[in-house]
Amino acid sequence: MRQKASSNERLDSAEREQPLCPTCDRPASTTLEDETYTYGSGEGAVELNVRLPVRHCEACDFHFIDQVGERIRTEAVYLHHGLLTPWEIRAIRENRRLSRAAFAEITGLGEATIKRWETGAITQNRANDRYLRLLNDDTCWSALKRLVAPKSEPPPARAASTHRSRSTTSAPPAAAASP
Ligand SMILES: [Zn+2]
């Protein structure tokens with residue numbers, strides 16, 4: 001699974017890093033530790049298992065979890081719900097080489113909403129999660145672009161008309177994801 005693989009790669013690189021201790025600024029060492037934590041509360045509470053890079057500063061004997069570990073914890077929650085992670089959503093947009101504004105223009109999604117999804121401030125609902133996955137498919141993306149900008153490919157018979165000189169107003173530059 002893609003998510004698992006990327007998480008493992010991140011663990012590998014996290015192991016090689018030497019982050020600085022937040023209390024004394026000295027380099028900390030890393031060990032990988034399995035953690036089980038409870039997510040949610042009441043009847044909906046679930047136990048999630050993650051392997052985290054735990055940092056240890058030998059100088060001041062401080063153990064801590066940094067951004068890498070926090071990200072792994074966050075990803076586990078999205079994975080549990082079967083939803084795209086904020087980083088995956090961002091990657092879908094960036095694969096199209098589009099700014100949030102341009103992506104919003106084509107998809108009909110709100111620019112602020114996209115930002116909130118990408119930063120994890122809010123979580124997309126199931127319908128939008130599926131929409132986003134479709135946007136990652138080249139065939140769907142092409143179909144969407146035809147839907148949004150039917151005038152971008154004028155029928156050959158009428159191409160001679162002097163009227164279509166609206167050149168660079170709305171179309172994002174080189175947005176096509178042609179391989
Ligand atoms: Zn320290």
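In the predicted model, helix H2 is followed by Gly-82, a residue with a positive phi near 70°. The helix itself spans residues 67-81 and comprises 15 residues. From its first C-alpha to its last, H2 reaches 21 Å, close to the 21 Å expected at 1.5 Å a residue. Four residues of H2 are buried, namely Gly-69, Glu-75, Ala-76 and Tyr-78.

The chain as a whole contains 7 helices and 3 strands, arranged along the sequence in the pattern α-β-β-β-α-α-α-α-α-α. Of its 179 residues, 16% count as buried. Among contacts between residues at least 6 apart in sequence, 52% join residues at least 24 apart.

The 3 strands form an open sheet in the order E1-E2-E3, with antiparallel pairing. Strands E1 (29-39) and E3 (62-64) stand at the edges; each has a single partner strand, so one side of each is left without a neighbour in the sheet. Direction ignored, neighbouring strands of this sheet are turned by 35° against each other on average. Helix H2 packs on the sheet, where it touches E1 and E2, and its direction makes about 170° with that of E2.

Strand E1 pairs with strand E2 (residues 46-57) in the antiparallel sense over 11 bridges. The two strands form a hairpin with 6 residues between them, and Gly-40 in the turn has a positive phi of about 85°. Within this pairing, Thr-31 stands opposite Val-54 in E2, while the bridge partner of Thr-36 in E2 is Asn-49. Glu-33 also lies in strand E1. The C-alpha atoms of Glu-33 and Arg-51 are separated by 5.4 Å, although these residues are 18 residues apart along the chain. Apart from neighbours within four places in sequence, Glu-33 is in contact with Leu-52 and Val-54. Glu-33 counts as partly exposed because it has 13 C-beta neighbours inside 10 Å.

The largest nonpolar core consists of 12 residues: Tyr-78, Leu-83, Leu-84, Ile-89, Ile-92, Phe-103, Ile-106, Ile-114, Trp-117, Leu-132, Leu-135 and Trp-141. Two or more residues of this core are given by each of helices H3 (86-95), H4 (100-107), H5 (111-119) and H6 (126-135). Tyr-78, one of the core residues, is also among the buried residues of H2. Ile-89, another member of the core, touches Leu-84, Trp-117, Glu-118 and Leu-132 when residues up to four places away in sequence are not counted.

Positive phi values also occur in residues other than glycine. Asp-61, which is not a glycine, has a positive phi of about 55° and is found in the loop between E2 and E3. This residue is exposed, because 10 other C-beta atoms lie within 10 Å, and the limit for exposure is 12 or fewer. Arg-97, likewise a residue other than glycine, has a positive phi near 55°; its place is in the loop between H3 and H4. With 14 C-beta neighbours inside 10 Å, Arg-97 counts as partly exposed.

Key:
Residues numbered from 1 in each chain as written. Predicted model: local features only at pLDDT ≥ 70, side-chain atom pairs only at ≥ 80, totals over all residues. Expected span 1.5 Å × (residues − 1). Buried ≥ 20, exposed ≤ 12 C-beta atoms within 10 Å, placed from the backbone. Pairing = 2+ DSSP bridges. Axes fitted to C-alpha atoms, helices over the stretch in contact; angles between N-to-C directions. Contact = placed C-beta atoms within 7 Å. Core = buried A, V, L, I, M, F, W, Y, C linked by C-beta atoms within 7 Å.
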